[in-house]
Amino acid sequence: MRRSDSSLGRGGDAPPFASALWRRTPPIAWLAIALVLIGLMLTAVVGPTAAGQATLNGLVGAGYFALGAVGLTLVYGVLRLVNFAHGDMLTFGTYVTLGVTALGVPFWPSAAVGMIVTALLAILLDRVIWEPMRRARTSTLQLFLVATGLALVLRYSVQFFAGSQVRTVGLDTTSSLNFGPWHLGTLQLDVMLVGLATILLTGAGLRYTRLGKEMRAVADNIALAEVTGIDTRRTIRATWLVAGGLAALAGILYAASIGTINPNFGFTILLSLFAAAVLGGIGNAYGALAGGVVIGLSQEWSTLFFNTRWKPAIGFAILILTLLLMPRGIFGRKKARL
Amino acid sequence: MSADFWLGVGVTAGVYGIFVLGLQINVGFTGLLNLGQAGFMGIGAYAMGMLVTNAGWSIWAAMPAAVLIAVAAGLLVGLPSLRLRSDYFAIATIAFAEIVRDTFQNAAFAGGNQGIIGYDQEWRDTASWLLRQLAHIGLGGDTQLPLFIVVWLCFGLCLAGLKFLQASPWGRVLRAIREDEDAAAALGKNVLAYKLQSLAIAAALAAVAGFFLALNVTYLYPSEFDPTFTFLGYAVLVLGGFASYGGVAIGSVLLWSVMEGLRFLHLPLSTGQLGSLRFVLIGLILILLSMLRPQGLLGRKAEMQLR
Amino acid sequence: MSSSKTSADPILVIEGLQKSFGGLRAVAGAGLSVRRGSLTALIGPNGAGKTTLFDLVTGFARPDRGTIRFDGRAIAGLPPHRVARLGLVRTFQLTRVFAAMTVLENMMLAPPGQPGESLLGLMAQGGARRRIEAMVRGRAFALLKHFNLEEKSQDYAGTLSGGQRKLLELARALMTSPQMVLLDEPMAGVNRVLGRRLLDYVEELRRSESVTFLFVEHDMDVVMSRADRVIVMAEGTVIAAGSPDLVRNDPRVIDAYLGRTH
């Protein structure tokens, strides 16, 4: 009897060398190479001073874009929820932090408080709003409406108490350091270091801790995760904690690096966060971290050629291009239907 | 408060009504989560304003042209993005709307933050003429009346048109697509084409709403057309019910009465705080209604349950 | 892969069809042909790739490799609505009626080319449009009557029982005046009496209008008694094809079904 074994499992011919190389090299390597190449090209075009400065500035932004995007993508991955209120969690966390500093507490400890409060808020909201809706299996439309409503409530509650005016963060924004031809504000240097360190910590946590593995497993395939004994409810709570905490930190870093904020800033950068998350493959936390770096660098690099007014538009353009050309993102997995 | 004040509220409600008719056809009848409606409105309004002030057109010619431009934008946006999954499509439409707003804000030809003024002279002449006619029947005096009448007349026409479309076989296909687009495709319906038509009509309605907004406020500036407008539109939808065009009118009037009515409560709050409170209220409305009564105040529960 | 004897006038010819999802090969080099006007059964154990084959043929999935020819035309990779317009329609394993629309609306949706369904058509002549709609309505009622559903015409399709939905889905598919219908488990959930009516009607259509039917079915009594030809799939390929008697005695088929009692 003729068994169809040749058709099962692996394919017929061995793939040619070039595509094997393509398949074996991880996307992160391609991304890193591409970024370095672009950096070199920029150096050639505008000179090392300008290119290097823009890159430094970009790395400052990379921190808050990446950390903001991670929360967004994790919530989507684990809960299949596009959380339009995420940007306003950045706002909330930042204003709480500022409120605590007004009581005389130094900045970074206040930031820690802000992160904790936001994380707790995230869990509370899940308990009160998202969990009942999950049980009722609501439609995308309803979820969107609730998320939008929540965004409005968060943003305008902050505005109600804190006023709509632009506020300064109250930190030392004037002193700066010089590295050869390049300079960076000390505050911005702090932001960059904290941001990059947190990115690495988050990545490590996702990869090596049990919780991180569980979150990735649930984001990948919740049914399978449950079958293998993962307590999905605990994972969901952990996801909200991480999302809320990192959102607050992202907002704080943003505020510290720019120096001023207003109650709309979280919503304003939400699209850039979406851009980072979609670019990295939505649902993929490592992808969001990488996507944030790309967005941060791209925005600053764009100022070498365009007026700084157009910086946010770069994020939107990347988002649209990604959606149209590469909706799965750089690190996304193949799915049967998009 | 004077009658003129409430007429002003009525004009705003009418503008939102036309705007939300477009959202209704997308969301309620085709199942498209269009979050970029404010972008189409901005394109329509700015196109009209620029044609009149920069190119010297008559406003009566600029309006139809601006509608066509908005429709073209709808097709341009829809063609690539309607193939995406619904939440990606929603994000793409927000991105589009933000790019539009950013462009108006930053590009020199659109006047930047200064905006555009001076396009409404012809309308004001017409409005004065209308007021004089109305004075003959004793209704003169309230300056907002002509605009109020025209807006709601227009709303009525659009409403009638949409109801006709809805009852037609074309509308039937749209509803099928909302229900189950794969099954509709399996019956030979070109789903993408229908979605594009739905989006184009919504863009046209947004443009018309934009005209009335422009005439009401008498000058165009970018932040008029930000996502908040779209979100408020969704609040109207939620209030009035999905899949009901008549509900749009009721929802709009209801929302704006509540919003403006807050002024009269004489709460011990500053105007800024009052403004914030209004939006917190809207947010709560969105959350509570979506969680507890998703079909809206006037929608039919049966339809929601059958999905 | 067995390429069966292509008898006179095959309406559907598939060769070397392959489709993988991620690492999983759902269809691995399948080939078959369906004779015009026949009642052909597609059987096989769960996971054999039958529904994926339907998806590939009707445009709901793109094949990685292989060809599909319907009525002489290559259709692999065409979008679903184009395939349907060519006269090839399907029903789904889990019925997909438009639940929040009435039974009659479900039916009247189906015929292609109704002028009222396009914006331009709406603006044109009202009278002709109304006549066509009346005609469509008439056909719809006639078909509903055949399936015992005419009393339900004003009810929401979502209120129908599972078996009634299956009938509605079939009736709706027939409204398109198709050349070929792919039925995915048409008997599941339908009581025997109604099921027999359905099959009788299917056979009548076959005789009178030469409509071809390819149906996936697990009920072997139905398959053996009604089908002209049986095609057997297992593990993504076609392992046997022929008359019911031939197939039921084929050792490969018995092998594939090892353990199944029906």
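**The sheets of chain C and their surroundings**

A: In chain C, four strands taken in the order 2-1-4-5 make up an open sheet whose pairing is antiparallel. The edges of this sheet are held by strand 2 (24–35) and strand 5 (73–74) of chain C, and because each has a single partner strand, one side of each is left without a neighbour in the sheet. Everything described here belongs to a predicted model, in which local features need pLDDT of at least 70 and side-chain atom pairs count only at pLDDT 80 or more, while totals for chains, interfaces and linings use all residues. Residues are numbered from 1 along each chain as its sequence is written, and chains are lettered from A and ligands numbered from 1 in the order in which they are written.

Within this sheet, strand 1 (residues 10–21) of chain C and strand 4 (residues 65–70) of chain C are joined in the antiparallel sense by five bridges (strands pair if DSSP finds at least two bridges between them). One of these pairings sets C:I14 against its bridge partner C:I68 in strand 4 of chain C. Helix 1 (residues 50–58) of chain C lies across strand 1, strand 2 and strand 4 of chain C, and runs at about 70 degrees to strand 2 of chain C (angles, from 0 to 180 degrees, are between N-to-C directions of axes fitted to C-alpha atoms, for helices over the stretch in contact).

Chain C also holds an open sheet of six strands, in the order 6-7-8-3-9-10, and here the pairing is mixed. Strand 6 (88–90) and strand 10 (237–242) of chain C are its edge strands, each pairing on one side only, and from one strand to the next the twist averages 20 degrees. Strand 9 (residues 229–234) of chain C runs antiparallel to strand 10 of chain C, with five bridges joining the two, and C:M233 stands opposite C:V238 in strand 10 of chain C.

Taken whole, chain C has ten helices and ten strands (DSSP runs numbered from the N terminus, helices being H or I of at least four residues and strands E of at least two). Its radius of gyration is 19 Å, close to the 18 Å that the globule rule gives for 262 residues, so chain C is as compact as a globular protein of that length (the radius is taken over C-alpha atoms, and the rule is 2.2 Å times the number of residues to the power 0.38). The C-alpha trace of chain C spans about 60 × 40 × 35 Å along its principal axes.

In chain B, the axes of helix 10 (residues 227–240) and helix 12 (residues 271–292) come within 10 Å and cross at roughly 40 degrees. There B:L232, B:A235, B:V238 and B:L239 of helix 10 meet B:I282, B:I285, B:L286, B:L289 and B:S290 of helix 12 (contact requires C-beta atoms, placed from the backbone, within 7 Å).

Chain B also touches chain A, in a contact that takes 34 residues from chain A and 35 residues from chain B. On the side of chain A, two or more residues each come from helix 5 (107–135), helix 6 (140–162), helix 11 (265–279) and helix 13 (311–325) of chain A, and helix 6 of chain A gives the most, with 15 residues.

Technical notes. Two residues are in contact if their C-beta atoms, placed from the backbone, lie within 7 Å.
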